[in-house]
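Here is a short briefing on one protein model.

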Amino acid sequence: MDGLLDWIWIAALTLAVGQAALLTAQTWEHLRFAIGRFRKPLGRRPRGRVLVVAPCRGMDVGLRDNLRPLFEQDHPDYQVRFVVESSCDPAADVIRRLIAEYAEVDAELIIAGRAIDCGQKVHNLRAATRELSDRVKLLAFVDSDARPNRSWLLNLTQRLDRSRSGAATGYRWFVPTRPSLTNWLAYSLNASAATLFGTKGYQLIWGGSWAIRRDVFERERVRQTWRGMLGDDLSATAMIHAAGLRVEFEPTCMIASPLDYQPAELASFVYRQYALARLYLPRLWLMALIWSTLSSLVLLATAGRFTTTLIQTGMFDWFAAAGLTALYGSHLVRGLVRCRIAQLYCPQHHAHWRRAARFDCVFAPLAGLVHWVGLLSGVRVRHISWRGIDYVVEAPDRVSLRTPGQPDFSAALTCFGLSGKVRREEARESTNVASMADATTP
């Protein structure tokens, strides 16, 4: 029996090392691709008017500075459509003042009303795209806690004239505003996810910064399909790929995103990300769960075998030591490459992310275990809280508002072993964009 277990362990270790090598190659390819895009921008102006949709809720810290760049884009032909739930939303006053200040920019504010049978953000997006001018050929979407630079819209849309390019996306790069284990874990998790974007493979849409051709948006009935959905980006990802089209990742649209999480806040954030993946991309979530389970269990088993042998016999298990070296070494190499990537995306915030980057290099296996637990937390999705609104998930396309008294994030708290006022994260999420001088891409 011991011999069989040894062979199973050896086979699993071999697979885990192979997977680690592939992830290392992907991280390096991401860096190579990003450098190429920064050095050689396309420089082609897209044809057609762009409608920029910016859903807002509450007062993000620095909201005015986040929204101001939308009035100062280098794109020659665009309009901005802000959308809020209610005219009483504090973001509405900020938006109105900016519209008055930039009277020469085609911008408007839409009051969407309260969502009942879908996510509030989805409801806002559906309201903003209900009526489109004949001049609009492209649609771009940006979150209110993102602060794009002036070339963001041009970079995001200039490659969408390709026949198979259905959508283009940027992503976020977390910038911790204070040193803490929680913030460093969030940084490591996000950096690992960000480097999975590249030129090939199954690219995801990030709802904070993406664009789509209008003909694709209407032909694939994206707005209609959003009805009843909680999330906008992953459901759109599934629709784009189902149509046989590509999602183009644009590195020059990577946006610096300041963060400051407490442990329970990180737990709820991670739970929501994986729960949405479980709902809208179940096959991708399952594949990630399988590979994460393999790598995590192999790492724990190999470390346990090495430690047990050393304690019981006083001798090194050289095969286990080699396996641990290979697994940890791949984490270390990827962390070093991600340091270079961070320097490319956020050079002006080096003082904020340098400690997190060091943690990412040394303790990346810990973040990998958190990633695994996060995937496990999405096995059963019942309740999700987002921007202060609690939802009951009955099906991927059927959600309702949570009634008072229902438990919140029960799956996440069970998996992470945390308790407390998790809902606090949802209130803080709208204000975790720190007051930094510039949270833009270079």
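How many helices and strands are there in the protein? There are 15 helices and ten strands; both are DSSP runs numbered from the N terminus, helices being H or I with at least four residues and strands E with at least two. This is a predicted model, where local features need pLDDT of at least 70, side-chain atom pairs count only at pLDDT 80 or more, and totals for chains, interfaces and linings use all residues. Residues are numbered from 1 along each chain as its sequence is written, and side-chain values use heavy atoms, with hydrogens and water left out.

**Overall**
- Of the 442 residues, 56% count as buried. Buried means under 20% relative accessible area, exposed over 50%, and partly exposed in between (1.4 Å probe, protein chains only).
- Contact means heavy atoms within 4.5 Å. Among contacts between residues at least 6 apart in sequence, 82% join residues at least 24 apart.
- The protein exposes about 19100 Å², and carbon and sulfur atoms supply 59% of that area. Areas come from the Shrake-Rupley method with a 1.4 Å probe; for residues, only the protein chains shown count as cover.

**Nonpolar cores**
- A nonpolar core is a set of buried Ala, Val, Leu, Ile, Met, Phe, Trp, Tyr and Cys residues joined through side-chain atoms within 4.5 Å.
- The largest has 56 residues; Val52, Phe82, Trp152, Trp173 and Tyr345 touch the most other members.
- Apart from it lies another core, of 28 residues, including Ile110, Val122, Leu125 and Val136.
- Beyond residues up to four places away in sequence, Trp152 touches Val52, Leu70, Gln73, Ala140, Phe141, Val142, Ser209, Cys253 and Ile255.

**A buried glutamine**
- Gln79 sits in strand S2 (residues 78-84). Gln79 counts as buried because its relative accessibility is 6%.
- Neighbours within four places aside, Gln79 contacts Arg49, Val50, Leu51, Val52, Asp106, Glu108 and Val136.

**Surface patch**
- Leu181, Tyr328, Leu332, Leu336, Val362, Phe363 and Leu366 form a nonpolar surface patch, with about 600 Å² of accessible area together.
- Helix H12 (318-345) and helix H13 (350-377) each give two or more residues to the patch.
- Leu332, in helix H12, counts as partly exposed because its relative accessibility is 32%.
- Like charges are joined within 9 Å, and nonpolar side chains (Val, Leu, Ile, Met, Phe, Trp, Tyr) within 5 Å.

**Cysteines**
- The structure holds zero disulfides (pairs of cysteine sulfur atoms within 2.5 Å).
- The sulfur of Cys361 is 3.7 Å from the closest cysteine sulfur, in Cys339, so the two are too far apart for a bond.
- Cys361 is buried, at 6% relative accessible area. Cys118 is buried too, at 3% relative accessibility.

Methods
Patches are made of residues with over 30% relative accessible area and no salt bridge: like charges are joined within 9 Å, nonpolar side chains (Val, Leu, Ile, Met, Phe, Trp, Tyr) within 5 Å. A salt bridge is a side-chain nitrogen of Lys or Arg within 4 Å of a carboxyl oxygen of Asp or Glu.
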